[in-house]
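Reader: I would like a close look at one part of this model. Please take one chain and its contacts with its partner.

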Amino acid sequence: MGTLGERTAVLGVGQTKYQSTRGDVSIAGLVREAALRALEDAACTWADVDAVVIGKAPDFFEGLMMPELFLADALGCVGKPILRVHTAGSVGGSTALVAASLIQGRIHRRVLTIGFEKQSESNATWALSLPQPFSVSINAGAGGYFSPIIRRYMARSGAPELIGCMVAFKDRQHALRNPYAHLQQPDLTFDQVVEAPMLWDPIRFSETCPSSDGACAMVLGDEEAGDAAEGPVAWVHGTAMRSEANNFPGRDEVSPQASRDCAAEVFAKAGITDPRSEIDVAEMYVPFSWYEPMWLESLGFAERDHGWRMVEDGSTNLDGGDLPVNCSGGVLSSNPIGASGMIRFAEAALQVRGMAGGHQVEGARRAFGHAYGGGAQYFAMWVVGADKP
Amino acid sequence: MREVAVVSSAIHQVEALTFTTDVQLMVPLINEARDAVGLTQADIGFTCSGSSDFLAGQGFSFVQTLDAVGAFPPIAESHVEMDGAFALYEAWVKLQIGEVDTALVYSYGKSSPGSRRDVLAVQLDPYTVAPLWPDAHSVAALQARLLLESSAVTVEELAAIAVRSQRNAVGNPNALRASADVTVDDVLAGAVVADPLRATDLSAEADGGCAVVLAAGDRARSLCERPAWIRGIDHRIDAHGLGVRDLTLAPSAALAAGKAAERAGFAADAVDVAELHAASTAQAHVLAVAMGLGGTGSGNEVRIDPSGGSLAADTLMAAGLVRIAEAARCVSRGDADRALAHASSGPCLQQNLVCLLGGE
């Protein structure tokens, strides 16, 4: 392994059922549910946890400022350290990486990390539309921001119009095999995906992510803890984070350099030279369908302008694909924003532990977890494997 | 532990930055901190910042502030929705791994556009406490009242803390409340604003920011004549509920100080100077007792808040990082061989970070 520091293992994963409204629990109850499941999976108790790293998207989404303060008790944190990460949409991934750094830097032996969002507590549209004194809002939302970039990709790559619909249909089919996934649409047909209303041309309603309540947690441990685990663990083979400025002349918004640099670093650390053949399964942050082929290219799984062909020929399908993408249903099927990145990282870990249940990729040994945020500016990635690096 | 030091810093705190964006605030500060050690962003291995969307009044507000760094080519970067002292902690952890040798840390806050004391009410339990909108001054006053009732301190002693801060702040360009000749009687003559606290008992609300450069080992020695080495750093949190804690104590501050001391090899009461992040004189007293500063039998006199501390200028989200910068400057200037910097978060000192610094 190219990276220095302590070897790090994912000892346990815990998720809540993602749904529009978890009215039966408070914010504290929601995060505790995921945390307890992760502890149980890791065969740990609260006493085994040295520190907690929590992440979520803007505090306005719940109307609770710096929620780690309120959640310290629910997360068994009294007398322990807690850090709160916020790196826009990539936050779930970044949070996991900060937690991993506490192990890699040999500060702690076991760290609980958790991402959450309880969007039903507030109003995300309000939270994202507050007037600003020095700027004019175009009030376009995330879809309005990304649709021109998708158009650019379509023009550049010559991708057929319905590639996005194919991604959306595939991920919703995958979601049927994941009991935690928010959208469960067993009767959905491809034609219905295509005929859905156009929201931000070329993004249809069916090609966007839902708005979910949910939390995802992981227990990370050092080499000794990983070795001592009775069940399978996922070993961290590489981690990387990158950010770039939002707006400057010449910026490649379709495939930002921060994305390419981050992928290059994480694969180098994991000793991977050909991601397409060496990665068995990928969980990528795809909130709008077209981002699957775009990221496949940017990350090096496909040649430039050829990512859409992998979608078209079924390469990213759980059934029969050589690089199944988002077997959990992805962000397109569940989107508790602050947790969405961590779900990608956790699902990658579940795959190499052989614990992904109905959406398990047979024999997965190495998996890739990915998250992005801001105006496609913030990137967090990891590679996990069944074997110790 | 890998040796990591503060090698430069830049601070700017004023009463109100009315016509300044966060980017305009941070560009000169980040440049000043990098220029002081001759580094450009390309030389920085890791960047970490702290800020609050609730102050900016905008979700994802830190995304725009990234423009102040010059993040292209892309950088390895992270952000905490916490005081910059915690961003510094994350950067220190990153430096421990050994992948990178330098880090840039910055944080900033502009609370003047709103009513800070009311904004902070939304930090409280959102179901049972926040709906009552207890403002931050009233919450701090509850703590001070309990402290007085417990006979741990007198009103005059709290006034003396206010006097100490104002006198020490003289000559600090980043202090808002400074006076060379203020007396306890002057302070006690002031009106009570949140019984038992007077305006001078409450920290002076500031807008501002801070940038710090960290470097490891010989890299630090090559950048700076006298690096301020981080000998120990730790942070802990207490329970959230105001009713389940003894507000006259700060167990997480004591615990963090003890853990930092284990790494440092010297205790908090062995430092020459200490910079405290307190929202009130009462909190400054609670912290000094919790961390054993002054009068625990060591015979060592700790100079508390040589800059005036956060009582003299309290920039939300940056005050803790400013404490580390001020303490590090004391070490780098040769004014201190050992220094303590403290940062806190949450109501009534719920969360506390302690950083022990030392010269070569």
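Reader: In chain A, what share of the contacts with a separation of 6 or more comes from residues 24 or more positions apart?

Author: The share is 80%, counted over contacts in chain A with a separation of 6 or more. Keep in mind that this is a predicted model. Chain A holds 13 helices and 11 strands. The C-alpha trace of chain A spans about 55 × 45 × 45 Å along its principal axes. Of the 389 residues in chain A, 63% are buried.

Now the partner. In chain A, 53 residues are in contact with 48 residues of chain B. Five elements of chain A each give two or more residues to this side: helix H2 (68–71), strand S3 (82–85), helix H3 (91–104), strand S8 (234–243) and helix H9 (257–269). H3(A) supplies the largest share, five residues. By type, the side of chain A that touches chain B has 28 nonpolar, 17 polar and eight charged residues.

One helix of chain B also deserves a look. Helix H13 of chain B covers residues 319–333. Its 15 residues should span 21 Å at 1.5 Å a residue, and its end C-alpha atoms are 21 Å apart, which agrees. In H13(B), 14 of the 15 residues are buried, so the helix is largely enclosed by the rest of the structure. Gly334(B) follows H13(B), with a positive phi near 90 degrees.

Notes:
Residues are numbered from 1 along each chain as its sequence is written. Chains are lettered from A and ligands numbered from 1 in the order in which they are written. This is a predicted model: local features need pLDDT of at least 70, side-chain atom pairs count only at pLDDT 80 or more; totals for chains, interfaces and linings use all residues. Two residues are in contact if their C-beta atoms, placed from the backbone, lie within 7 Å. Helices (H or I, at least four residues) and strands (E, at least two) are DSSP runs, numbered from the N terminus. Ala, Val, Leu, Ile, Met, Phe, Trp, Tyr, Cys and Pro count as nonpolar, Asp, Glu, Lys and Arg as charged, and the others, Gly among them, as polar. A residue is buried if 20 or more other C-beta atoms lie within 10 Å of its own, exposed if 12 or fewer, and partly exposed in between; C-beta atoms are placed from the backbone. The expected span of a helix is 1.5 Å times one less than its number of residues.
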